[in-house]
Amino acid sequence: MKKQGSRAKLREYFLAHIGEVLESDTLREVAGISEWARRVRELRNEEGYQILTHNDRSDLKPGQYILEDPVPQPAFARELSKETRAYVLDRNGFTCQMCGAVASEPHPFDSSRKTRLHIGHIVDKTMGGTDDPSNLRALCSVCNEGAANLTLDRPSHEKLLIQIRRATGADQLKVLEWLVRKFPKQAGEMSGQ
């Protein structure tokens, strides 16, 4: 007998509880994995199930989900190439563009798991957004689940410099090392090489 995957378990559970508000703790338990929220997104994005959250209905609280209709809607195909994904992750420094969590390091809001990055749309495809890299950003799984097409303002160079100046000398050197690794050509030009 074939073991049922976590996405299939979640699909079955949602379909058995149509119209009921389901809590994230229950869904995590049903899925049996820490990446349960990703499976819920796959049900929405790849299979077309209209699973609603607090971003869709004001009467739902964060961490609550509801499936109102058992019939899936046409879903958008996953069209991002490996090259586009790699470009966006590299451009964003392998860092979540909302909370700053770094890929593979302990997540700042849940240190029991490592940060996993996804590629998210700034303007969602359902609202006319495209798969162009300028409309894509790196998001951790925590922020990607609650992004709802919100974009935090990027800090200006002045604000970044204020933070760097407040850091210890050792941390300032780490920032410099990171910048030199990220921009080796420009670092070489600035040092006269």
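1. Helices here are DSSP runs of H or I with at least four residues, strands are E runs of at least two, and both are numbered from the N terminus. Although Ser104 is not a glycine, its phi is positive, at about 70 degrees. Ser104 is exposed, with a relative accessible area of 51%; exposed means over 50%, buried under 20%, and partly exposed in between, using a 1.4 Å probe and protein chains only.

2. Before going on, please note that this is a predicted model, where local features need pLDDT of at least 70, side-chain atom pairs count only at pLDDT 80 or more, and totals for chains, interfaces and linings use all residues. Residues are numbered from 1 along each chain as its sequence is written, and side-chain values use heavy atoms, with hydrogens and water left out.

3. Phe94 also sits in the loop between helix 4 (82–91) and strand 4 (106–107). Its phi is near 50 degrees, a positive value in a residue other than glycine. Phe94 counts as partly exposed, at 39% relative accessibility.

4. Now for the chain as a whole: the protein chain has eight helices and seven strands. It holds 193 residues, of which 30% count as buried. Taking contacts (heavy atoms within 4.5 Å) between residues at least 6 apart in sequence, 55% join residues at least 24 apart.

5. Have a look at helix 1 (residues 6–16) and helix 2 (residues 24–31), which pack at about 130 degrees with axes 8 Å apart. Axes are lines fitted to C-alpha atoms, for helices over the stretch in contact, and angles run from 0 to 180 degrees between N-to-C directions. Helix 1 and helix 2 are therefore oblique to each other; under 35 degrees counts as roughly parallel, over 145 as roughly antiparallel, 65 to 115 as roughly perpendicular, and the rest as oblique. On the helix 1 side the contact involves Ser6, Lys9, Leu10, Tyr13 and Phe14, and on the helix 2 side Thr26, Leu27, Val30 and Ala31.

6. Val30 belongs to helix 2. Leaving aside residues up to four places away in sequence, Val30 touches Lys9, Leu10 and Tyr13. Between the C-alpha atoms of Val30 and Arg7 there are 9.7 Å, with 23 residues separating the two in sequence.

7. Helix 1 also meets helix 3: their axes come within 9 Å and cross at roughly 65 degrees. Helix 1 and helix 3 are therefore roughly perpendicular to each other. Ser6, Arg7, Leu10, Arg11 and Phe14 of helix 1 make this contact with Trp36, Arg39, Val40, Glu42 and Leu43 of helix 3.

8. How many of the ten residues of helix 3 (residues 36–45) are buried? Seven are, so helix 3 is mostly covered, with buried meaning under 20% relative accessible area. The buried residues are Trp36, Ala37, Arg38, Val40, Arg41, Glu42 and Leu43.

9. Finally, visit Arg137 in strand 7 (residues 136–140). Is Arg137 buried or exposed? Arg137 counts as buried, at 4% relative accessibility. The C-alpha atom of Arg137 is 6.4 Å from that of His121, 16 residues apart along the chain.
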